[in-house]
Amino acid sequence: MFPAMAGEAPKTNSSQRVGEEQLGQAPYYYNGLVLSGGARGSGFVAEHPNIFFTAAHVVFDDVGWTSPPSWVGGYNGEGAPPAESEIPARGYFRWTQYANLVAEYGPTSRSTFGRDVALAWGLQPFVAGIPASLDFKGISHLQQSNISMITGYPAELIYTAESGGYYLHSTAPDITPFKPTFGRYLYATHLSTGPGNSGGQVWVQDPMGNWKAGGVLVSGRPSETGVYAMSADIKSFLAAADPVLSSPRRSMKFVKGVSTSSTLLAMPKPKNIPDGAQRWTRIPLSVLSFPDEATVSKVTLQLDISTAHRGDLIVALLGPGGVFSIIHNGEGAGEDNLLYEDYDMSGPFAGGEPDGRWTLLVQDRLAGDPAVVNRFELEIEAE
Amino acid sequence: MPRRLLLLGGSVLCAWLAVRALPTAPTSAITESISRSAPDPRPRGHVRLAGEWRELVALCEKGGDAESLKRRLAETKERWLLEEPEVLAGVIGQLLRQGDDAATGIPFETGPGGALRGWPTLRVFLLDMLAVTDPDLAGGIAREVLAGTGSAEEFAVALKPLLLGGPWQAPAAELEGHFSRLLGNPAWQDKVGLAEALDLSRNAALPGTTAALARWVDRAPPAAEAGIMALHETAAAHPKLALELIASDGTLFNAQPGLRASLLARATISDPEQAAGIEHYLRNPAIPVSEKQQFLALFPLRSASTGFRLYGSPPSPFDGAAVRADDRAALDAAGRWKTDPAMAELGTALQSLEQRLQGWVRQGGD
């Protein structure tokens, strides 16, 4: 797969050019050049064809917001790609704290690297077909004995001092022991990619031999490499991008039918709500069906409350860990029954714990119109 | 974000912040002693929760490692959430009034849905729980804390029950008052609690809180970067608020023209009022050409920052259909602006904007 290195093999696992014939194959297919103003970096398409991930410092400088970056996929060449091959992104998301950390510690501190990731989104796909999958446990897997490799477009192979041109490169698949440094920032020695490769994909091989995106390359020296490791927190990015796309996680589940498990819970019998009582009536459902470290990816509600006056009602959902969200807040004065079908409540719960007590909270604050909860069902999906 | 706050995570020190004459004997012995001497007049739930609280305080005093204490607090939270909300609110109110506290060595960290997953002190832990107990009782207790606390972190978390919406949402004037107090406290300017509470501007979406935040940022405080981010998140979610504020105060951000340009670049041009505001800005001779060029290089800005927030869901300010509609409206506007003699000196920037928008409109399927 990788051309043998001339002479004695160095101890450092340094990037090698990926053969032209492999560009159309997974996982190389998901890689691309990221061009932002005068800067260049790398990126990879994951979770949705209209999304790519890169390092935050590729798209955001210490001056402030910049125009969205452009994507060039499947390119290999000595010179820069032609302008017509660029696909402009429409926007991007990054962590709020990233700018604070840059201002406080500068762009190359360990704490800043621990937030150095961005998700760019576009109005058209960056790759055709199914995108790569994120490894939401990348932060654990990269510190364990998983095989990993880093791909991307280095401008220079800093270990060997060769020019990288605009060719896709990859380190050799290997068990690299990444060590924790600060937050999501992990670090490894004897591993080298090169400048210009920020945003490159850190692949982690699962037990089935599939490559998943476990991190983003954010820093490096001639024989050292730092990465932003993926965790469940990155679901905040996916949730933020959800309304501008066609629900990345739902479409992925539909396309691939893997990596998501779900459980359906329902209250056993109707429950009367005390009329005019300004306190919560609780209807609990317990979940104990997900593996450790699983996090909520989707919450769907079915709710049927009969009443002559739904403006009297306040309804909320309290999830494990104290995650609280109001579903209905006295709207609809003078109208009757409260019905929710396939109501997506993922927003506040995404990334939280799925196992534990999920409690529907209901108040009928004004007397005169009794209310009955006839149906309360939750479908919890977790990854 | 202040360095010393970030480094809190490295500490495992638990120390008393407020000294009170609490028993030092093991909790089981205390409980036994109470039960032998006289019946406790408090309901059983109160006694049990107060006992668990004393155990937590003792654990901090003893100085365990922060990770195991964090797990213990998370378990306690899960268990306490099974209590009747009114009982739990009552106990939390009582404990907060007692004033006992201990540092945990755990950095402040917000998780999904505004629920904390890192509590720097035990009182912050109590306030985090308070927000999901009985909301009628919680509001009153939170106001007591807001009136008297010297901690920015307590202040930030105590605001949660006042932002629940519906009958529990605090009036605009009250929220504006709390926000001004937060921003005006000199001792809190570099506190993580202040940085977290800046999100009140986005959440409450009030002209008064947005103006207070903007004027605070305009004075270039130590946490200005956090303020700028909060302003951008407010403008991304409520562009009209930012536009009206800037339009009403011609001096605002005169020293930070790039910030003014980028905030206005979030305008929704398909809204006629905002479109008129942007045209007025571009024609305004008092605005430097370089600032207008910065605006045009970003407009319509649909990038944003996000992450877990104390007062609700992570920011997710854009909608696909609205973005496409705004891009079309912006393309129409750019075409008009190009022929407007008042904008002649912006010709190159407008040309570039038009090309960018044509690309996005094409991508968007029109």
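## Hairpins, domains and a chain contact

Let's start in chain A, where strands S3(A) and S4(A) form a hairpin with two residues between them, and Gly37(A) in the turn has a positive phi of about 60 degrees. Strands here (E, at least two residues) and helices (H or I, at least four) are DSSP runs numbered from the N terminus. The model is predicted, so local features need pLDDT of at least 70 and side-chain atom pairs count only at pLDDT 80 or more, while totals for chains, interfaces and linings use all residues. Residues are numbered from 1 along each chain as its sequence is written, with chains lettered from A and ligands numbered from 1 in the order in which they are written.

S4(A) also forms a hairpin with S5(A), this one with five residues between the strands and a positive phi of about 75 degrees at Glu47(A) in the turn. Strands count as paired if DSSP finds at least two bridges between them. The pairings, including one across the chains, look like this:

| Strands | Sense | Bridges | Partners |
|---|---|---|---|
| S3(A), residues 31-36, and S4(A) | antiparallel | six | Val34(A) and Gly41(A) |
| S4(A) and S5(A), residues 51-54 | antiparallel | two | Val45(A) and Phe52(A) |
| S8(A) and S5(B), residues 304-306 | parallel | three | Arg94(A) and Ser305(B) |

S4(A), residues 39-45, is largely enclosed by the rest of the structure, because six of its seven residues are buried. Buried means that 20 or more other C-beta atoms, placed from the backbone, lie within 10 Å of the residue's own.

Now to the contact between the chains: 54 residues of chain A are in contact with 49 residues of chain B, where contact means C-beta atoms, placed from the backbone, within 7 Å. On the chain A side, H2(A) supplies the largest share, seven residues. By class, that side has 27 nonpolar, 21 polar and six charged residues; Ala, Val, Leu, Ile, Met, Phe, Trp, Tyr, Cys and Pro count as nonpolar, Asp, Glu, Lys and Arg as charged, and the others, Gly among them, as polar.

Chain A is assigned domain 1 (13-255) and domain 2 (260-382), and their C-alpha centres lie 38 Å apart. Each domain gives nine residues to the contact between them. H5(A) gives the most on the domain 1 side, with three residues.

Over in chain B, helix H15(B), residues 257-264, is mostly covered, with six of its eight residues buried. Among them are Leu259(B) and Arg260(B). The buried residues pack against H13(B), H14(B), H16(B) and H17(B).

Conventions. Two residues are in contact if their C-beta atoms, placed from the backbone, lie within 7 Å. A residue is buried if 20 or more other C-beta atoms lie within 10 Å of its own, exposed if 12 or fewer, and partly exposed in between; C-beta atoms are placed from the backbone. Domain bounds come from an automatic or database domain assignment.
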